[in-house]
Number of protein chains: 2
Amino acid sequence: MDNRSIGVFDSGLGGLTAAKEIMDLFPNESIVYFGDTGRVPYGTRSKETILKYTYSDIRFLLSHDVKMIVIACGTASSAALPHIKDEFSVPIYGVVDAAGYAAVRATKNGRIGIIGTSATIKSGAYTEYIKAHRPGTATFESACPLFVPLVENGHFDTQLTELVVEEYLSGIRSAGVDTLILGCTHYPLLQKAIARYMGNDVTLISPGREVSRFLKKKLDESKRHSPERDKEQYRYYVSDSVEQFEELGGIFLEKEIDGQVSRIDIEKY
Amino acid sequence: MDNRSIGVFDSGLGGLTAAKEIMDLFPNESIVYFGDTGRVPYGTRSKETILKYTYSDIRFLLSHDVKMIVIACGTASSAALPHIKDEFSVPIYGVVDAAGYAAVRATKNGRIGIIGTSATIKSGAYTEYIKAHRPGTATFESACPLFVPLVENGHFDTQLTELVVEEYLSGIRSAGVDTLILGCTHYPLLQKAIARYMGNDVTLISPGREVSRFLKKKLDESKRHSPERDKEQYRYYVSDSVEQFEELGGIFLEKEIDGQVSRIDIEKY
């Protein structure tokens, strides 16, 4: 039993899809969420800068005495987490292990596609995980830098979305993968267009959903579930406008979060 | 005569187009350029955060004893500059006054279009300038949040560019403007597609070019030209990867800048 909160962070709003899965799966757990909206996006930055930002995000969550940290950001999970996971006293879980684990179990033909931000693909973290856990698997990767701007501008399934999906996924489709990791928290919002292009036989792996399942395994093993609901169960922190986050965050979480969001100066951590 | 450098900053690389115009027009002037590549983009952030970042960018340039500052970033020029211009001891010039001045002189039918980032359009700064300097002018504005990602991913004039141009400019075209302000340093790179869509009769105003002309006027008036070339004439500073900036910056400037770029921690300013 451990009544402390679970810390979750993302470069912005996208990690709320993971937070929501955790809320749904663990109704007793309290969550401290940090969205680095003042420095988003991470996916186009250098590894050195992603590391620096990830350190400060973790230090902020640790200042809230969390019992574990979930990195909901695909970029920070792949480009930073492998280098720092043993440096902190609490366990830190990223979406790479969770989605990689699911992909390895899902594939039948041993051909897995991976899409993500430029930094995620450059890191090679997914391929490394997959080759270590299922030797002989073939992986096919594609960076999709326009997917996040499309989502953030409401192009979930328009003619524009179709054109961009084709540009980024044609190589992966013709490689004959049967499993595709959507390696960035924004991508599940393009799921309809991606699924139509890839066809019914391809399993899409969503990191937000998988990380909550992964967390269940870890909480069960370590017996660190919360015994009861906290009065102040969910708290949200951001590094840019509270209003913008409340408005869009409510859509991601499918519930009002007005009054639960605070702005912090992440540059101090 | 004033041999100190001119300070130029932008949220990233785009401001190099303005720096290049200044170099071409004033071969004797030294320039200190700062590109805030670790916190780019500014255009989607709140006014409060844009103000905070602009303050630190200015403080950094002042630490290099510049004689004047040019804000090459459309977002910082429109959302921050009007609030802070009188707080510093050196003159600070933004692209709004420069491009607004050119647009007011260019229009014949008194109908001007303005495109920019979300923050630029929300600020209303261009319309305010234009109405103050040419009462009775009608302005038509459109935020173009996908233009910067398109440029940064090499979509200068593709089918994708055409679709997005149509989405953002159809209202402005049908309003019958004869002048269009490209209110973000990235947009001149889409000039071909924008010009084709708008037609030959519409004058496109490029802030980078206009700000260097504006600067000429100011330097002539104040007689603060540099009398001679400095040995270390151009210095570049960034808040993310030096290598990325050297590679792309060389393309913007049409010359090698390897070895002239340094990384700084802008969060300390």
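**Sheet and interface, chains A and B**

Modeller: B:Tyr236 stands opposite B:Val261 in β10(B). This is a predicted model, where local features need pLDDT of at least 70, side-chain atom pairs count only at pLDDT 80 or more, and totals for chains, interfaces and linings use all residues. Residues are numbered from 1 along each chain as its sequence is written, chains are lettered from A and ligands numbered from 1 in the order in which they are written, and side-chain values use heavy atoms, with hydrogens and water left out.

Colleague: In which sense do β9 and β10 of chain B pair?

Modeller: Parallel, over three bridges. Strands here are DSSP E runs of at least two residues, helices H or I runs of at least four, numbered from the N terminus; two strands pair if DSSP finds at least two bridges between them.

Colleague: What is the strand order in the open sheet?

Modeller: β4-β3-β1-β2-β9-β10 in chain B, six strands with parallel pairing.

Colleague: And which are the edge strands?

Modeller: β4 (92–94) and β10 (261–263) of chain B, each pairing on one side only.

Colleague: Switching to the interface: how many residues of chain A are in contact with chain B?

Modeller: 30 residues of chain A, with 30 of chain B; contact is heavy atoms within 4.5 Å.

Colleague: How many salt bridges across it?

Modeller: The rule finds eight, counting a side-chain nitrogen of Lys or Arg within 4 Å of a carboxyl oxygen of Asp or Glu. B:Lys52 forms a salt bridge with A:Asp265, with closest N and O atoms 3.2 Å apart.

Colleague: Which element gives the most on the chain A side?

Modeller: α9(A), with five residues.
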